[in-house]
Amino acid sequence: MTLMGCGGTSPSDSPTPDPNAVVENALIAPVPQGASTALPDSYPSGTSDPSDAVDGEVTRATKYKDSPNGFKFPNCTWGADVITYGKGWALQFSSKRPRNAINWIDPTVLANAGLSSEPGAGSLMVLRNSSSGHVAYVWEVVGTSSSGNTVISVLHTNWPYGERISDALYRTYFVISANRRSATPAYSVNGKVSYGKTVPLAGFLYRR
């Protein structure tokens, strides 16, 4: 089922966005066949299980199917709102402006966020993959290749590809292009790295 505003792109065997970038293949852990939604055995040093990021608040929000700002479950805006609230960043929206994910980059829509082209842990990635866009919480910056492409992992909803964390919440890797204009989802399928459709990148929102 595809929900309005946030749908993801499925894995494919399309060429990698940077064939010479070892980081894309080395840092995306293979998932055993038939266990594509399994949690990894461990997480990078200095981090914890991503489910801890939304512990408590995600339970409340899932039960009542709303988020602190009234976004509906399980849209990507719901997921981003719940996760940021759980991490101490209560998003502040104008009640008179459209609140689709793509609108979040407008400071008249989201008051306490600033836009940057650079990814960072704790920021919000906004994609231009549709007229409504998609928003995801950046869990970590994994590394950067010699050509400047950066691999990140995000937590998000309404993008049911990657590692399932809980209910509608998934962790997905993305390759951010060196020019910071596009993002390509990366998946581990039967021990092989596959890439979804490359989509335009709007930028990264940081708390202010």
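**Close-up views of a predicted model**

**View 1. Strand β2 is covered on both faces.** Strand β2 spans residues 124-127. L124 and V126 lie on one side, M125 and L127 on the other, and all are buried (under 20% relative accessible area; exposed is over 50%, partly exposed in between; 1.4 Å probe, protein chains only). In a regular strand, side chains alternate between the two faces of the sheet. Strands (E, at least two residues) and helices (H or I, at least four) are DSSP runs, numbered from the N terminus. This is a predicted model: local features need pLDDT of at least 70, side-chain atom pairs count only at pLDDT 80 or more, and totals for chains, interfaces and linings use all residues. Residues are numbered from 1 along each chain as its sequence is written, and side-chain values use heavy atoms, without hydrogens and water.

**View 2. β2 pairs with β3 and with β9.** Two strands pair if DSSP finds at least two bridges between them. Four bridges join β2 to β3 (residues 134-144), and the two run antiparallel. M125 stands opposite A136. Six residues separate β2 and β3 in a hairpin. Its turn holds G133, with a positive phi of about 80°. Four bridges also join β2 to β9 (residues 199-207), again antiparallel. Here L127 partners L201.

**View 3. Helix α3 is mostly covered.** Nine of its eleven residues, 76-86, are buried. Among them are W78, V82 and I83. G88 follows α3 and has a positive phi, near 90°.

**View 4. N158 has a positive phi without being a glycine.** Its phi is near 60°. N158 sits in the loop between β4 (150-156) and β5 (163-166). N158 is buried, at 9% relative accessible area.
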